[in-house]
Amino acid sequence: MFLINTYLDKSKIQGVGVFSKENVKKGDKIKEVRPEFELRFNSTNLPKMPLAFANFIETHGYQDRKDEYVLSIDNEKYINHSADPSVNDDGIALKNIKIGDEITVDYRDFDDNIELWLT
């Protein structure tokens, strides 16, 4: 869940990305895990769901465990991967972020399946 104001826009990385509406200093906490603002889905239930919804969960969520996908209810689900991210998995800004900058994270910090689609 974001602790700063963000907006969605076209990303140079892929599709839609999350952009900052605030200037952020390196070291500031800009997001945190708040389970009450996440939806969890057992992966064994995905085949029982409408295909479009199952695809949305797989695309915009991340696998917390082998049997569970987590989907944030705010813009966090649109954060794109970067090998040079602007925020770490703990929600700390790794560099100064200006208004209009895309916010990125290194998926390898929390998603064990990332290597499957990075190769």
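In which segment does Met1 lie? Met1 belongs to the segment before β1.

The structure is a predicted model, in which local features need pLDDT of at least 70 and side-chain atom pairs count only at pLDDT 80 or more, whereas totals for chains, interfaces and linings use all residues. Residues are numbered from 1 along each chain as its sequence is written, and side-chain values use heavy atoms, with hydrogens and water left out.

**Figure 1. Overall fold of the protein chain.** The protein chain contains two helices and seven strands, arranged along the sequence in the pattern β-β-β-α-β-β-β-β-α. Helices (H or I, at least four residues) and strands (E, at least two) are DSSP runs numbered from the N terminus. The radius of gyration is 14 Å, close to the 14 Å given by the globule rule for 119 residues, so the protein chain is as compact as a globular protein of that length. This radius is taken over C-alpha atoms, and the rule is 2.2 Å times the number of residues to the power 0.38. Along the principal axes, the C-alpha atoms fill a box of roughly 45 × 35 × 25 Å. Of the 119 residues, 39% count as buried; buried means under 20% relative accessible area, exposed over 50%, and partly exposed in between (1.4 Å probe, protein chains only). Accessible areas come from the Shrake-Rupley method with a 1.4 Å probe, and for residues only the protein chains shown count as cover. Among contacts (heavy atoms within 4.5 Å) between residues at least 6 apart in sequence, 60% join residues at least 24 apart.

**Figure 2. The nonpolar cores.** In soluble globular proteins, nonpolar side chains tend to be buried together. A nonpolar core is a set of buried Ala, Val, Leu, Ile, Met, Phe, Trp, Tyr and Cys residues joined through side-chain atoms within 4.5 Å. The largest has 13 residues, and those with the most contacts inside it are Phe2, Ile4, Val18, Val24, Ile30 and Ile103. Leaving out residues up to four places away in sequence, Val18 touches Phe2, Thr6, Tyr7, Leu8, Asn75, Tyr78, Ile79, Asp101, Glu102 and Ile103. A second, separate core of seven residues includes Leu46, Met49, Ala54 and Tyr69.

**Figure 3. Surroundings of Met1.** Met1 counts as buried at 19% relative accessibility. Its C-alpha atom is separated by 6.1 Å from that of Val33, which is 32 residues away along the chain. Neighbours within four places in sequence aside, Met1 is in contact with Ile30, Lys31, Glu32, Arg34, Phe37, Asp74 and Glu76.

**Figure 4. A nonpolar surface patch at Phe37.** Phe37, Leu39 and Ile73 make a nonpolar surface patch of about 250 Å². Patches are made of residues with over 30% relative accessible area and no salt bridge; like charges are joined within 9 Å, and nonpolar side chains (Val, Leu, Ile, Met, Phe, Trp, Tyr) within 5 Å. Phe37 lies in the loop between β2 (16–20) and β3 (38–42) and is partly exposed, with a relative accessible area of 31%.

**Figure 5. Salt bridges.** Side chains of opposite charge can pair when their charged atoms come close. A salt bridge is a side-chain nitrogen of Lys or Arg within 4 Å of a carboxyl oxygen of Asp or Glu, and by this rule the count comes to seven. In one of them, Glu76 pairs with Lys31, with the closest N and O atoms 3.0 Å apart. Glu76 lies in the loop between β5 (68–72) and β6 (80–81), and Lys31 in the loop between β2 and β3, so the pair ties together parts that are 45 residues apart in sequence. Lys31 counts as buried at 6% relative accessibility. A further salt bridge joins Glu36 to Arg34, the closest N and O atoms being 2.9 Å apart; Arg34 is partly exposed at 27% relative accessibility. Glu32, Arg34 and Glu36 are linked in a network of salt bridges. Arg40 and Glu38 also form a salt bridge, with 3.4 Å between the closest N and O atoms.

**Figure 6. Surroundings of Asp89.** Asp89 lies in the loop between β6 and β7 (102–105) and is partly exposed, with a relative accessible area of 31%. The C-alpha atoms of Asp89 and Phe110 are separated by 7.1 Å, at 21 residues apart along the chain. Residues up to four places away in sequence not counted, Asp89 touches Lys31, Val105, Asp109 and Phe110.
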